[in-house]
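This report considers a single protein chain and how its side chains are arranged. Please have the sequence and the model at hand while reading.

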Amino acid sequence: MQNPLKKIIEWVADALVEKITEPIDTINKRLDRLEHLHEQDAAALEADLSMMDDRICFLIGVCRRRGYTTADERRRVTRLHDAYKARGGNHGEENEYAVFLTLPTQEEYERRKGA
């Protein structure tokens, strides 16, 4: 005959294992979902960076061909550039941005042209 105390201990142990295993399974499912979201987030981040880089280079190119920039363009490009850097952009547009900052404003350009 089995000891009643041993039977109670086995029953409690089995119940504890069941109670512990259930949350662990739930946590593992949540971790799997999070891992999937992180993969999607990485792809979304890369897409954002790619579009930001393209937009920065496009706007800078327009200004360089024209020979000047407006105050609004300077504000927008700088804002994009700062956001691009903060999100971890590879800084591929750093040289273009440095040249952009040397462009005269429209007012300066027209004054030089008229002088």
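The sections below treat the nonpolar core, the salt bridges and a surface patch of this predicted model.

## Nonpolar core

The largest nonpolar core consists of 11 residues: Leu49, Met52, Ile56, Leu59, Ile60, Cys63, Val77, Tyr84, Tyr97, Phe100 and Leu103. Helices H1, H2 (71-86) and H3 (94-102) are the elements that each supply two or more residues to this core. The largest contribution, 6 residues, is made by H1. In soluble globular proteins, nonpolar side chains tend to be buried together.

Met52, a member of this core, is in contact with Leu80, Ala83 and Tyr84 when residues up to four places away in sequence are set aside.

The structure as a whole holds 5 salt bridges. In one of them, Arg87 pairs with Asp48 at an N to O distance of 3.5 Å. Arg87 is located in the loop between H2 and H3, whereas Asp48 belongs to helix H1, and the two are 39 residues apart. Arg87 has a relative accessible area of 41% and is therefore partly exposed; Asp48, at 31%, is also classed as partly exposed.

A further salt bridge joins Glu96 and Arg64, whose closest N and O atoms are 3.0 Å apart. Because Glu96 lies in helix H3 and Arg64 in helix H1, this pair ties together parts that are 32 residues apart in sequence. Glu96 is partly exposed, with 28% relative accessibility, and Arg64 is partly exposed at 39%.

Asp72 and Arg75 form a salt bridge with an N to O distance of 2.7 Å. Both residues lie in helix H2 and are 3 residues apart, about one turn of the helix. Asp72 is partly exposed, its relative accessible area being 37%, and Arg75 is partly exposed at 45%.

This pair belongs to a network of salt bridges that links Asp72, Arg75 and Arg76. Side chains of opposite charge can pair when their charged atoms come close.

## Nonpolar surface patch

Val12 is part of helix H1, which spans residues 4-66. Its relative accessibility is 36%, so Val12 counts as partly exposed.

Note on methods:
Residues are numbered from 1 along each chain as its sequence is written. This is a predicted model: local features need pLDDT of at least 70, side-chain atom pairs count only at pLDDT 80 or more; totals for chains, interfaces and linings use all residues. Side-chain values use heavy atoms; hydrogens and water are left out. Helices (H or I, at least four residues) and strands (E, at least two) are DSSP runs, numbered from the N terminus. Buried means under 20% relative accessible area, exposed over 50%, partly exposed in between (1.4 Å probe, protein chains only). A nonpolar core is a set of buried Ala, Val, Leu, Ile, Met, Phe, Trp, Tyr and Cys residues joined through side-chain atoms within 4.5 Å. Contact means heavy atoms within 4.5 Å. A salt bridge is a side-chain nitrogen of Lys or Arg within 4 Å of a carboxyl oxygen of Asp or Glu.
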